[in-house]
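I opened this notebook to record what I looked up in one protein structure. My entries begin with confidence, then turn to the fold, and end with a single residue.

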Amino acid sequence: MTTEFNGNRHAGLIRLSICALTALAIAGCTTFLADGGFDPVAATAQSKLGKEVRWARSPQDHLTIDRRVDELLSKPLSADDAVQVALLNNRALQASFEQLGISEAELVQSSRFPNPRLTFRRASNGDQYSVEQTLTVNVLSLLTVPYARGIERRRFAQTQKGAIVDVLQLANQTRKAYFTAVAANESVRYQQQVMKAAETSAELARRMVQAGNWSRLDQAREQTFYSDATQGFARARLAQDSSREDLTQLMGLWGERANFQLTERLPDLPPQADELPHVEQTAMQSRIDLQMKREEIEALAKSLKLTRTTRFVNVLDAGPTRTLDGNRSEPYKNGYEISFEIPLFDAGGARVKKAQATYEQAVDRITQSVINVRSEVRKAYTRYRTSYDIAKHQRDEIVPLHKLISAENQLRYNGMLISVFDLLADARAQITSVNDSIQSARDFWIAESDLDTSLLSGPSPTTFSSNSDSTSLNGTLSR
């Protein structure tokens, strides 16, 4: 629909209005941040984990990271060292940080004024000309810029929180993989001792049979012990290799860097387990994923308001126009053009219904998420306390009892009251109890890491893992 006026007054008003709107739009434009929105992510990693994270956006950043990683790998890694290497060197985490750049670009783009459109039409018949020149701009897009910018700003804040969740999850999974790898190393050492004791027992049994002092049945029993011990040692070696590879992937290491060293043993158990009587309330206040869902609902509410606002008119263009009909010497006629969509067949009801359903869906999901979080932290705390009690009982009761039995049997062996086979069987049982204690301690440290993470974040959308094992994550092999 085109309307024309012959006076310059209306065209001047149109030009003045467009200039004013343009000035407002330019004044409200969002610019790129110097840190790209990364500073809150780094600050949270420092406050919650005591660790440094870097977003490698330049060759110099990569060099700085490489130097720091090499420094950490130059000595046997502690759990904190392994986490720090992963947070600096895992390329999947770097990809998560790049999402900040994508989201920031969308935020900046949302504040940009839509480009004007110039239409030129010319027709002639002899010395008669028909010329029309129109400059239009999407007025509705201009009016909705504040809404769009607000929505993108909330999305950018959610992207920042998503990056924080990825940092926390990677730290947790690396810590768990570290404890698993160290425990596997210890298990291999003790399983090797069990195998050697069983091998000695089997060899003695063979000699006893040759001397005619033992039956084939007794020898078969000792040989079975040795076969089981050999198989147990092989399984321990496989678990050792697998857990080390999991940790290597998490830390993003390959080549010579994969030959890192770990500490010899797991940390000692703390004197007592933490008491957390208000664990659910703590999670409700601090869970970042719940904060993200609340912000998502706010964004959807804003979006629903915008959808309702533009229900009937979602295309509106306006701008000055001038036309010439006749000889070239005749003056142009000045006026303006307004174009809008007539809601004849689509009144926007479907779009509003979809927006309402999307909002209600988000409300239902966050309600269920709150229920899930409460259950999750309760289970995590129960697992933490129970694993501590088991590990402490294993360390303070089971292992000392086996040591006492071993000492008493040694005295009886010295007094020729029991055979060497009884002594070797007892040694195997003692070693097995120590190995069980190692696994119990490992389970406690993993449960503690899971509890700490469950109080801060939920499952991360970023995939660090190549399989479903929570301690096996997929780092990148190349820089």
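The entries below follow that order.

**Entry 1: ground rules.** I noted that this is a predicted model, in which local features need pLDDT of at least 70, side-chain atom pairs count only at pLDDT 80 or more, and totals for chains, interfaces and linings use all residues. Residues are numbered from 1 along each chain as its sequence is written, and side-chain values use heavy atoms, with hydrogens and water left out.

**Entry 2: confidence.** I looked up pLDDT, the predictor's confidence in each residue, from 0 to 100. The protein has a mean pLDDT of 79, and 77% of its residues reach 70 or more. Confidence is lowest in strand S1 (residues 2–3), with a mean of 38, and highest in helix H4 (residues 79–89), at 96. Helices (H or I, at least four residues) and strands (E, at least two) are DSSP runs, numbered from the N terminus. I found pLDDT below 50 over residues 1–14, a stretch with 26 contacts beyond near neighbours in sequence; contact means heavy atoms within 4.5 Å.

**Entry 3: fold.** I recorded twelve helices and five strands in the protein. Of its 479 residues, 42% count as buried, meaning under 20% relative accessible area, where exposed is over 50% and partly exposed lies in between (1.4 Å probe, protein chains only). Among contacts between residues at least 6 apart in sequence, 81% join residues at least 24 apart.

**Entry 4: Asp289.** I located Asp289 in helix H10 (residues 288–309). Asp289 is buried, because its relative accessible area is 13%. Leaving aside residues up to four places away in sequence, Asp289 touches Val373, Ser457 and Gly458.
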